[in-house]
Amino acid sequence: MTRANPDQKVIYGTPVVEGIAYGPVAWTRRPPIPDLSAPDLPETARDEARQQFTAAADAVVEHLLERAAASDGHAAALLEVTASIASDPAWRKDALRRISRGTPPVQATMGATDQFVTQFERAGGILAERTTDLRDVRDRVIARLEGRPEPGIPHPEHPVVLFADDLTPADTAGLDPSMYLALVTELGGPTSHTSIIARQLGLPCIVAARRIDEVEEDTHVLIDGQRGTITLGVDEKTARKRLTVDRERRALIESWTPPARLKDGRDFELLANVRDGETAREARNAGAAGIGLLRTELCFLNAHAEPSVKKQRAIYEPALQAFADSKVIIRTLDAGSDKPVPYATLAEEANPALGVRGLRTSGHNPHLLLHQLDAIAEAATSCGHEKTLVMAPMISTLPEAEWFAGLVRERGMSPGIMVEVPSVAVLAEQFMDLVDFVSIGTNDLTQYTMAADRLSPDLAEYSDPWQPGALALINRTAEAGRATGTPVGVCGEAAADPLLACVLVGMGVTSLSVTPSALKAVGAQLSQVTLEECQHAARSVLGAWDQGDARYRARKELGI
């Protein structure tokens, strides 16, 4: 905690969603972990203890499903996933077995959960992400066993700034944006669940704010979601001025209309990240000029065996039809790491993020990629789509890029690759000689550059795309694009940061692809800057000391 002036104190975190908020703090904290040591239950009490555990777990499931029924969309799905964990037979069986051996139900719940958390962390990928849900279920069941209300976010009578050590998916599902002015967490990172929800709701959000535990309940704070600051001791008059400026910013965003254009009149390609026909139509209505990333995992993750070419084609066609006359970039299956697919990835890997994922799955299942390319080509032909581009994830060698490009061209489409592995950025010009375009996946490029798991809440600072090392590799790739005349896009979370979007444009990135909900904010910000201003900002960040300094330099150059 540092001092801004004698009357103010400032705490710094990682900014995720820009915006200004001012109001009282409302805390939500995960309950303390009970003592693992406890006397064994006498045999005469074990039957009743098993019944108590089952009743508590059933009550948690019922409560979560009730909330799911009252929600819709993403919120309902999150609650249903958490309920399914509380219903899991293997987890329940483990806890009941412990109780049968004399462990009290609270400690049995903890022991069973720890066992599965360890297994999930070893498995990595999407299972590792489920550990947050597991611990959430544990806390809810223990609360029921101890006769306490289940943990969760507060239900305030007036708008508040929500502070938390961390937020679970069940906490944020159905969050009412009219009662929460901003979200601030001690843990979490730019790609965490909390960050994603905050972007969808348009709430200012700061994560990895390590010293917020010093802020007491009901303390009024000023949240700056662009600078990543939590300021205490701000007078109401000053806060109102900041809020007025922010309202003007929001009004500018709401008034933005496509196409994306810089202040000096230069057009810019602003695309959307989508997963199916529905999200593609949403992106079209929001003003996207095309699709910069069509994720194809949807039909694979929900299938027990490889989906047929016909079934895949049926998934791709609606997205192509939504942008019949525009660019559509389709990414081939990015299975592995946080998206395990049983028939495509290995069952067990010591480190899935560095293992068989993306294009590497074709090594032991070569027909998977060939069938997918056939399905994409058939979908493009049936729709009469002439601007279909296909890119591969997790390319890391020149022979891989050459092989993939050949397969795509054989089917009459345009080949590209993702820049996620540092080796591609280092040899960017050589890779660009082999393909028609590249797209930078900033989430993974930052992860591999910083050697930090982006799913780890303890390493959030390293997952920040403003890290100078990651920015240097992005700049190197953009320079190679200018030298070879190769289009260079960005489709990672960095593209949705309006300030960083300006820097990327200044580096020479030719397109940005963002979630549909971020299109207006990025488009509005680009409309306020010239290419020359963006170039000055880009040059300034390359000498930055750390991610905070990089943000400061960019804001200073752009006058933001």
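**Exercise 1. Is Met394 buried or exposed, and where is Met394 found?**

Step 1: start with the surface. Met394 has a relative accessible area of 2%, and buried means under 20%, exposed over 50%, and partly exposed in between, with a 1.4 Å probe and protein chains only. Met394 is therefore buried.

Step 2: Met394 sits in the loop between strand 13 (388-392) and helix 14 (398-410); helices (H or I, at least four residues) and strands (E, at least two) are DSSP runs, numbered from the N terminus.

Step 3: check the backbone. The phi of Met394 is near 60 degrees, a positive value in a residue other than glycine.

A word on the source: this is a predicted model, where local features need pLDDT of at least 70 and side-chain atom pairs count only at pLDDT 80 or more, while totals for chains, interfaces and linings use all residues. Residues are numbered from 1 along each chain as its sequence is written, and side-chain values use heavy atoms, with hydrogens and water left out.

**Exercise 2. Find the phi of Asp218, then its loop and accessible area.**

Step 1: phi of Asp218 is near 75 degrees, positive although the residue is not glycine.

Step 2: the loop between strand 7 (205-207) and strand 8 (220-224) holds Asp218.

Step 3: with a relative accessible area of 51%, Asp218 is exposed.

**Exercise 3. How many of the 15 residues of helix 6 are buried?**

Step 1: helix 6 covers residues 131-145.

Step 2: its buried residues include Leu134, Val137, Val141 and Ile142.

Step 3: eleven of the 15 are buried, so helix 6 is largely enclosed by the rest of the structure.

How values were computed. Expected span 1.5 Å × (residues − 1).
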